[in-house]
Amino acid sequence: MTPNIPPTVPVGPMRPALSAQELAQLGAAAVAMRRLRRAASVARFDGWTIGIFAFLTFLCGMTDAVNIVLAIAMGTVAAVELRGAAGLTRLEPRAARMLGFNQLALGTVLLVYGGWRLVVVARGGVAELLGEWVAPVEELVGCAEMHRLARNFAYLLYSSLCLIAILGQGGMALYYFSRAKVVEAYLTATPEWVLEMQRAGVTV
């Protein structure tokens, strides 16, 4: 006796297969998105790194009003950096420009801070900057020699900070500004159906 097997009834709407042209468009979009994902990853890493340095700056300089202001400024930059990274994943050209200006703001803060510290050192204020570190070593090295070493160290430290502010943050700003054009080109070249998939949360 042959059992009665009920016919299979499809559940829900069947999704049509993609055509060869649509598959090619999807592949091209995936390749183009790699550059934007890389930029978003850089922004996220940079944001968390700046945030950690902001916390350490605040923790180590709680008795110094200048360090507290610097920590707050860096914390604000970190928050904007993370917000911009999220904006890049949403394909917002303004997010890339925001990241670029954010790096310029960070570079300005670091340059002003480093330049001001160099002026303090040049006016003989190295003992004021490194006083709690200088005193224990003075007995071993000698007062004059210790201050000379501390002054040279301070020059090297704050000169390097100024150089990083100019080259590092300046280079990052140019990188992010260039990503705005990449986002705009992606939005122009990518078919609307692919963009709708991405807006719906589908990773390409």
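**View 1. Glu92, a buried residue in a predicted model.** In this predicted model, Glu92 has a relative accessible area of 19% and is therefore classed as buried, since that class covers values under 20%. The side chain of Glu92 meets that of Arg90 in a salt bridge, with an N to O distance of 3.0 Å, and Arg90, at 52% relative accessibility, counts as exposed. Glu92 also forms a salt bridge with Arg94, where the closest N and O atoms are 3.6 Å apart.

**View 2. The salt bridge between Glu184 and Arg97.** The closest N and O atoms of Glu184 and Arg97 are 3.1 Å apart in this salt bridge. Because Glu184 lies in helix α5 (residues 143-189) and Arg97 in helix α3 (residues 93-122), the pair ties together parts that are 87 residues apart in sequence. Glu184 is partly exposed, at 35% relative accessibility, and Arg97 is likewise partly exposed, with a relative accessible area of 34%.

View 3. A search of the whole structure finds three salt bridges, among them the pairing of Arg94 with Glu92.

**View 4. A patch of positive charge on the surface.** Arg34, Arg35, Arg37 and Arg38 gather on the surface in a patch of positive charge. One of these residues, Arg37, has its place in helix α1, which spans residues 20-60, and is partly exposed, with a relative accessible area of 31%.

Definitions and conventions:
Residues are numbered from 1 along each chain as its sequence is written. This is a predicted model: local features need pLDDT of at least 70, side-chain atom pairs count only at pLDDT 80 or more; totals for chains, interfaces and linings use all residues. Side-chain values use heavy atoms; hydrogens and water are left out. Patches are made of residues with over 30% relative accessible area and no salt bridge: like charges are joined within 9 Å, nonpolar side chains (Val, Leu, Ile, Met, Phe, Trp, Tyr) within 5 Å. Accessible areas come from the Shrake-Rupley method with a 1.4 Å probe; for residues, only the protein chains shown count as cover. A salt bridge is a side-chain nitrogen of Lys or Arg within 4 Å of a carboxyl oxygen of Asp or Glu. Lys and Arg count as positive and Asp and Glu as negative; His and the chain ends are not counted. The place of a charge is taken as NZ of Lys, CZ of Arg, CG of Asp or CD of Glu. Helices (H or I, at least four residues) and strands (E, at least two) are DSSP runs, numbered from the N terminus. Buried means under 20% relative accessible area, exposed over 50%, partly exposed in between (1.4 Å probe, protein chains only).
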